[in-house]
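This briefing is intended for a reader new to the structure. Please keep the sequence and the model in view while reading the points below.

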Amino acid sequence: MSHFHLIGIGGAGMSVVAELLADRGQLVTGSDQKDSANISHLRSLGIEAKVGHDPQTISADSIVVVSTAVRESNPELARARELGCKVLHRSQALALAAAGMEFIAVAGAHGKTTTSGMLAVALSHLGADPSFAVGGIVGGFGSGAHLGEGKYFVAEADESDASFLNYTPTVALVTNVEPDHLDHYGSKEAFEQAFLDFSGLVTDTLVTCSDDEGARALGEASSKDLRHLTYGFGEGGPNHVKVSESGFIWRGHTYPVRLQVPGRHNLLNAAGAFAVLIALDFPPSDCAQALGQFTGTGRRYEYKGTVHGVEVRDDYAHHPTEVAALVAQAREQTKGRLLVLFQPHLYSRTINFAARFARALRGADVVALAPIYGAREDPVEGVDSSLIGKSLPGSYLATSLEDGAEYLAKVAQSGDLICTVGAGDVTTMGPRLLELL
């Protein structure tokens with residue numbers, strides 16, 4: 001038994017790795033800057049997760065797991081370097097947890113968590129009992145991680161720091177190749193090249209969304225030795241899953257599907273999962289039925305409660321395309337006004353996409369812009385949420401999350417829908433809004 005110590009164990013990706021390694025019988029400990037629901041969940045499983053970073057936790061035999069967000073100045077990582085400990089990136093630790101299984105990787109700038117969750121649920125209902133690592137709580141499992149008895153391992157393949165290049169998938173699904181994380185890649189071309197490099201690691205089947213220009217180009221440029229399936233609302237070749245109002249059309253046959261999660265984007269995600277399941281040789285009719293069992297993942301249009309007729313939901317959207325999809329989905333679901341508390345994620349992303357965020361948010365009736373959640377980045381002089389507000393007339397520039405929540409609670413009326421949106425700690429405002437209301 002090895003001792004794995006995860007720095008930043010409360011993160012969505014790290015907590016999943018911790019749970020899987022513990023399920024594998026390893027000794028797992030970890031630390032994070034602050035307490036969280038993920039920390040509480042890990043503790044309930046018997047995993048020692050501390051708040052604060054203590055270098056004395058690290059011993060010479062520790063295997064230390066980090067993400068790109070962990071800086072070399074972190075006292076635990078510095079101690080690990082001093083002792084000559086083995087240091088793994090989170091993706092490398094995940095690959096260890098998946099050793100010996102058929103790896104199914106879901107990649108793309110957005111849609112990864114939902115599509116991975118759909119595959120995990122569908123494979124479970126198809127009797128495959130898969131293992132999975134998903135960056136959100138999967139409905140019906142109460143966790144984003146599971147070590148099953150079957151041969152399949154489903155995981156999100158994170159492109160943010162190119163760590164998805166540490167995987168060798170049997171099957172890979174690419175939902176889209178829309179440039180993001182330019183702070184890491186430096187250019188659109190480098191971002192796209194990383195996806196091409198990723199496709200070169202796939203051993204059997206590549207599935208791409210033909211509706212997305214980047215994913216379509218990736219499919220055309222990928223190795224001809226790979227089996228290639230596509231999906232989308234548009235037409236395609238003989239190995240294409242077409243999405244229609246009546247269901248998924250595959251090789252001349254229509255397979256009805258009734259999803260429990262709304263939105264055109266979720267129908268597209270389900271079509272990608274359907275294509276993967278077909279590639280794994282499951283009967284198409286059974287696949288469509290199994291996908292209908294998916295009830296959603298945490299922080300994806302997640303219902304938090306209703307007070308005095310005002311509904312509150314929380315969503316992880318942090319890219320302009322995701323925010324636009326969320327606003328469209330919320331518009332379909334509410335007859336009242338749409339109020340949004342948006343917390344931009346990363347200074348670099350705000351600089352690159354400020355105008356696009358503003359366009360995506362224009363579909364809301366009231367928008368409160370919270371301060372930027374810097375995560376792994378240091379503040380940049382002159383960069384704040386007002387960059388978005390300049391192109392979003394009437395938006396409220398909040399001084400804090402609390403200020404933004406108080407503003408929305410004050411102007412909310414019965415029948416309204418409030419969405420807290422972003423990849424940072426804006427999620428804590430869901431319960432707070434219910435209190436304020």
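Cys85 counts as buried because its relative accessibility is 10%, and buried means under 20% relative accessible area, exposed over 50% and partly exposed in between, with a 1.4 Å probe and protein chains only. Cys419, at 1% relative accessibility, also counts as buried. The model is predicted, so local features need pLDDT of at least 70 and side-chain atom pairs count only at pLDDT 80 or more, while totals for chains, interfaces and linings use all residues. Residues are numbered from 1 along each chain as its sequence is written, and side-chain values use heavy atoms, with hydrogens and water left out.

**Disulfides**
- A disulfide is a covalent bond between the sulfur atoms of two cysteines.
- A search of the whole structure finds 0 disulfides, where the criterion is a pair of cysteine sulfur atoms within 2.5 Å.

**Helices α1 and α4**
- Helix α1 covers residues 12-23 and helix α4 residues 90-97; they pack at an angle of about 30°, with their axes 10 Å apart.
- Axes are lines fitted to C-alpha atoms, for helices over the stretch in contact, and angles run from 0 to 180 degrees between N-to-C directions.
- Helices (H or I, at least four residues) and strands (E, at least two) are DSSP runs, numbered from the N terminus.
- The two helices α1 and α4 are therefore roughly parallel to each other; angles under 35 degrees count as roughly parallel, over 145 as roughly antiparallel, 65 to 115 as roughly perpendicular and the rest as oblique.
- In the contact, Gly13, Met14, Val17, Leu20 and Leu21 of α1 meet Arg90, Ala93, Leu94 and Ala97 of α4, contact meaning heavy atoms within 4.5 Å.
- By class, the contact of α1 with α4 has 7 nonpolar, 1 polar and 1 charged residues; Ala, Val, Leu, Ile, Met, Phe, Trp, Tyr, Cys and Pro count as nonpolar, Asp, Glu, Lys and Arg as charged, and the others, Gly among them, as polar.

**Helices α9 and α10**
- The axes of α9 (residues 264-279) and α10 (residues 284-291) come within 10 Å and cross at roughly 140°.
- That angle makes α9 oblique to α10.
- Ala270, Ala273, Phe274, Leu277 and Ile278 of α9 make the contact with Pro284, Cys287, Ala288 and Leu291 of α10.
- This contact of α9 with α10 has 9 nonpolar, no polar and no charged residues.

**Trp250**
- Trp250 is found in strand β14, residues 247-250, and counts as buried at 8% relative accessibility.
- Leaving aside neighbours within four places in sequence, Trp250 has contacts that include Phe274, Ile278 and Pro284.
- Between Trp250 and Leu361 there are 36 Å in space, C-alpha to C-alpha, and the two are 111 residues apart in sequence.

**The loop between β18 and α12**
- Gln343 is found in the loop between β18 (338-342) and α12 (347-361), and at 4% relative accessibility Gln343 counts as buried.
- Beyond its neighbours within four places in sequence, Gln343 is in contact with residues including Ala370, Tyr373, Leu401 and Asp425.
- Leu346 lies in the loop between β18 and α12 and counts as buried at 1% relative accessibility.

**Positive phi values**
- Most residues other than glycine have a negative phi.
- Leu346 has a positive phi of about 80° although it is not a glycine.
- Ala375 also has a positive phi, near 50°, and its place is in the loop between β19 (366-369) and α13 (386-389).
- With a relative accessible area of 47%, Ala375 is partly exposed.
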